[in-house]
Amino acid sequence: MPHQPEAGARPPHGKVSASLPEFPWDTLTDAKAVAAAHPGGIVDLSVGTPVDPVAPVIREALAAAGSAPGYPATAGTQRLRESAVAALARRFGVTGVAEAAVLPVIGSKELIAWLPTLLGLGAADVVVVPELAYPTYDVGARLAGAQVLRADSLTQVGPRSPALFYLNSPSNPTGRVLGAEHLRKVVGWARERGVLVASDECYLGLGWEAQPLSVLHPSVCDGDHTGLLAIHSLSKTSSLAGYRAGFVAGDAALIAELLAVRKHAGMMVPTPVQAAMVAALDDDAHEQLQRARYERRRAALLPALRAAGFVVDHSEAGLYLWATRDEPCQDSVAWLAARGVLVAPGDFYGPGGARHVRVALTATDERIAAAVQRLS
């Protein structure tokens with residue numbers, strides 16, 4: 001069991017927020033006002049929030065389960081766990097996942113934010129996050145009072161034996177895909193040291209120029225899920241961000257530990273949402289339709305950014321284009337805002353993003369077309 005923090009290691013009552021960074025998107029107020037003043041209205045490509053309607057099959061399942069007066073099962077219904085296991089195999093080639101090794105979560109962000117705490121990590125523990133990373137990895141470590149190490153290679157980790165090692169492929173923000181050999185190397189290294197690997201796979205179904213692999217895929221872990229957690233979300237591929245619908249799968253013993261703690265903490269996915277998740281996981285047609293929408297928007301926006309003088313790095317998968325004009329990211333944000341297009345500055349995700357911006361594909365076809373016209 002990881003080390004517990006010593007007495008007094010945590011902030012005093014009422015001071016937890018003081019130990020956290022400013023919420024990144026709160027800093028975009030001025031740029032957003034500039035973009036909103038554009039005569040054609042704002043094109044908001046700063047946040048990866050879905051804009052397309054939830055598929056009827058999912059809405060119908062939610063409504064049908066609406067009369068649910070009792071408490072939901074923290075472990076999820078058997079039907080939900082079965083659907084998750086089947087979807088992992090059918091969509092991603094992940095086999096050998098037991099139903100007991102699946103746990104629904106209140107959106108993947110919730111799990112990421114609280115995973116170090118749920119695992120009992122503290123001041124003596126190190127959490128490794130990618131150099132360019134979703135900010136919640138860092139926030140979750142801070143909430144637990146753990147140390148954070150930004151590293152993209154095992155060499156950067158050095159002789160340390162961290163408690164938790166985050167992978168994110170496809171990456172948010174860069175869209176980079178880690179190959180099977182890279183993932184195998186991390187898994188082998190972690191197992192030699194007893195390090196838990198948590199793989200954030202929210203964009204796994206959105207490969208464009210590369211085929212992403214789950215850390216649970218047989219080509220990565222040889223079918224052995226010991227010490228591995230794969231975190232999945234239905235926010236992107238099923239437009240369920242508003243439902244807060246995700247799940248984690250992998251090492252059955254770790255899942256059992258998380259379940260035991262979550263039962264005490266009341267971390268339960270509502271019963272109607274669990275029913276909606278079953279419908280979303282069982283139906284591939286709506287997922288493929290949503291994927292086609294994002295592919296179409298990417299095909300329009302990518303050449304427009306290049307024509308405007310941006311170089312797009314990585315971005316072979318996921319919901320974002322990682323773009324640069326080799327200038328400070330805030331200058332790029334301001335240049336685009338003047339044209340009514342709001343994007344996220346790359347330094348939201350770490351110092352290595354200081355000369356990039358993240359451009360989301362999550363806008364309607366009409367708004368994407370407006371952005372393309374303004375960039376040209």
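Which residue just after helix 5 takes a positive phi? Gly 145 does, with a phi of about 80°. The model is predicted: local features need pLDDT of at least 70, side-chain atom pairs count only at pLDDT 80 or more, and totals for chains, interfaces and linings use all residues. Residues are numbered from 1 along each chain as its sequence is written, and side-chain values use heavy atoms, with hydrogens and water left out. Helices (H or I, at least four residues) and strands (E, at least two) are DSSP runs, numbered from the N terminus.

**Helix 5**

- Buried means under 20% relative accessible area, exposed means over 50%, and partly exposed lies in between (1.4 Å probe, protein chains only).
- Its buried residues are Pro 135, Thr 136, Tyr 137, Asp 138, Val 139, Gly 140, Ala 141, Leu 143 and Ala 144.
- The cover over these buried residues includes helix 4 (108-118), strand 3, strand 4 (147-150), strand 5 and strand 6 (196-200).

**Helix 10**

- Helix 10 (residues 271-282) has 12 residues and reaches 17 Å from its first C-alpha to its last, close to the 16 Å expected at 1.5 Å a residue. The expected span is 1.5 Å times one less than the number of residues in the helix.
- Among the buried residues of helix 10 are Pro 272, Val 273, Gln 274, Met 277 and Leu 281.
- The buried residues of helix 10 pack against helix 2 (56-64), helix 3 (78-92), strand 8 (246-250) and helix 11 (284-307). Contact means heavy atoms within 4.5 Å.

- An open sheet is formed by 4 strands in the order 9-10-13-12, with antiparallel pairing. Strand 9 and strand 12 (344-345) stand at its edges with a single partner strand each, so one side of each has no neighbour in the sheet.
- Two strands pair if DSSP finds at least two bridges between them.
- Strand 9 (residues 311-313) pairs with strand 10 over 3 bridges in the antiparallel sense, and the partner of Val 311 in strand 10 is Thr 324.
- The hairpin of strand 9 and strand 10 has 6 residues between the strands, and His 314 takes a positive phi near 50° in this hairpin.
- Strand 10 also pairs with strand 13 (residues 357-360), over 4 antiparallel bridges, and Ala 323 stands opposite Val 357 in strand 13.
- Strand 12 and strand 13 run antiparallel and are joined by 2 bridges. Pro 345 stands opposite Val 357 in strand 13.
- Strand 10 (residues 320-324) is mostly covered, with 5 of its 5 residues buried. Tyr 320, Trp 322 and Thr 324 point one way from the strand, while Leu 321 and Ala 323 point the other way.

- On a 1 Å grid over the protein atoms alone, a cavity is a set of points where a 1.4 Å probe fits but cannot get out; a pocket is an open set with protein on both sides within 12 Å along at least five of seven lines; lining residues have an atom within 4 Å of a point. Grid points are joined across faces, edges and corners, and a volume is the space filled by probe spheres set on the points.
- The second largest pocket has a volume of about 410 Å³. Of its 24 lining residues, Pro 130, Asp 152, Arg 176, Leu 178 and His 182 lie nearest its centre.
- Strand 5 gives the most to the lining of the second largest pocket, with 4 residues.
- The count comes to 1 cavity of 30 Å³ or more, and the largest cavity holds about 120 Å³ of space.
- The largest cavity is lined by 15 residues, and Arg 91, Phe 92, His 232, Ser 233 and Thr 237 lie nearest its centre. Helix 3 gives the most to this lining, with 4 residues.

**Asp 365**

- Asp 365 lies in helix 13 (residues 365-375) and is partly exposed, with a relative accessible area of 35%.
- Not counting residues up to four places away in sequence, Asp 365 touches Arg 296 and Arg 297.
- The C-alpha atoms of Asp 365 and Arg 297 are separated by 6.7 Å, although the two are 68 residues apart along the chain.
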